[in-house]
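Here is a short briefing on one protein model. Keep the sequence and the 3D view open as you read.

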Amino acid sequence: MKPAGQATAAGANDVNWTVEQKLWEEASKRNTVAHYELYLQQYPSGNFATLAKLNLDQLKATATTQVASVAPAGEATASASQVRTAVAMPDDVKLSVGTPETETALNLDKEGRIDLQLRLGALGHVTGGADGALGARSRTAIGAWQQQNGMVETTYLTQQQHMFLMIQTDPMMPQIRAQDETQKAAIAVRKAPNPARQKVAGQRVKRQHNGATLEGPVERNSGGVDPAGAAFAGGLLGGALGGIIGSR
């Protein structure tokens, strides 16, 4: 039987190996600079350190080639988003890992969350609408943006990541906000209720009959007959019949 100290050390090593293996599997699956750097930060002399460094060097060399192929400054071939996303990402952004706590620390109110959704949408990530509710589709959009930029995909932002997103999208935001306002105005017009029908019930009318004035509210029954008008017509008809009978 192993002494207690040795058993504890063996258990700790097993846990450490499991954690390292999980982190390496995630890094090799994602195959991004951020994931390999995170692994090396945690396990600089780990079992996969050499392979992680080789993959990291290859990714960086590929990224350098792609940036060099971007059109020179002054040419109007690259959009504002392309120029911004070509900017090298600082290490603190790459290595920052978003959690619900780090995002809560941003203190985003509803307007701030709407702004976040608009910025993600400006880069082509669908959030399901800029309503300020960071639901499942917005979380998926955040994760896609993180993966696209070589960050650890957690679907939650850090302060560094939020700032980098703002830097990427600031040149596009005036146009994006204007489009959003236009869409909101169009939706408001479609949802506006029809003008209320004017009610005529309760209005007073006057009609002349043999010098007498008849007044009363105008009310419409289901058949559309005006009672006041019917009484007036009935009086005329009755008078006419009486005259005919009396003349015989």
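Read along the sequence, the protein runs α-α-α-α-α-α-α-α-α-α-β-β-α. That gives 11 helices and two strands. Both are DSSP runs numbered from the N terminus: helices are H or I with at least four residues, strands are E with at least two. The model is predicted; local features need pLDDT of at least 70, side-chain atom pairs count only at pLDDT 80 or more, and totals for chains, interfaces and linings use all residues. Residues are numbered from 1 along each chain as its sequence is written, and side-chain values use heavy atoms, with hydrogens and water left out.

**Overall numbers**

- Of the 248 residues, 27% count as buried. Buried means under 20% relative accessible area, exposed means over 50%, and partly exposed lies in between (1.4 Å probe, protein chains only).
- The accessible surface comes to about 16200 Å², and carbon and sulfur atoms hold 56% of it. Areas come from the Shrake-Rupley method with a 1.4 Å probe; for residues, only the protein chains shown count as cover.
- Among contacts with a separation of 6 or more, 48% join residues 24 or more positions apart. Contact means heavy atoms within 4.5 Å.

**Nonpolar cores**

- The largest nonpolar core has 19 residues. Such a core is a set of buried Ala, Val, Leu, Ile, Met, Phe, Trp, Tyr and Cys residues joined through side-chain atoms within 4.5 Å.
- Leu116, Leu120, Trp145, Leu157, Leu165 and Ile176 touch the most other members of this core.
- Helices H7 (110-122), H8 (136-148), H9 (159-169) and H10 (173-191) each supply at least two of its residues. H7 gives the largest share, five residues.
- Beyond its neighbours within four places in sequence, Leu116 is in contact with Leu108, Leu134, Ile142, Leu157, His162 and Leu165.
- Another core, of 10 residues, lies apart from this one; Ala27, Tyr39, Ala52 and Leu56 are among its members.

**Helix H8**

- The 13 residues of H8 should span 18 Å at 1.5 Å a residue, and the end C-alpha atoms are 18 Å apart, which agrees. The expected span is 1.5 Å times one less than the number of residues.
- Ser138, Arg139, Ala141, Ile142, Gly143, Trp145 and Gln146 are the buried residues of H8. They pack against helix H6 (100-104), H7 and H9.
- Gly150 follows H8 and has a positive phi, near 75°.

**Salt bridges**

- The whole structure holds nine salt bridges. Each is a side-chain nitrogen of Lys or Arg within 4 Å of a carboxyl oxygen of Asp or Glu.
- Lys60 pairs with Glu37, with the closest N and O atoms 3.4 Å apart. Lys60 sits in helix H3 (residues 49-68) and Glu37 in helix H2 (residues 33-42), 23 residues apart. Lys60 is partly exposed at 37% relative accessibility, whereas Glu37 is buried at 14%.
- Glu103 pairs with Arg139, with the closest N and O atoms 2.6 Å apart. Glu103 lies in H6 and Arg139 in H8, so the pair ties together parts 36 residues apart in sequence. Glu103 is buried, with a relative accessible area of 10%, and Arg139 is buried at 16%.
- Lys184 and Asp180 meet in a salt bridge (3.3 Å, N to O). They are four residues apart in H10, so about one helical turn separates them. Lys184 is partly exposed at 37% relative accessibility, but Asp180 is buried at 12%.
- Salt bridges with shared partners join Glu26, Lys29, Arg30 and Glu153 into one network.
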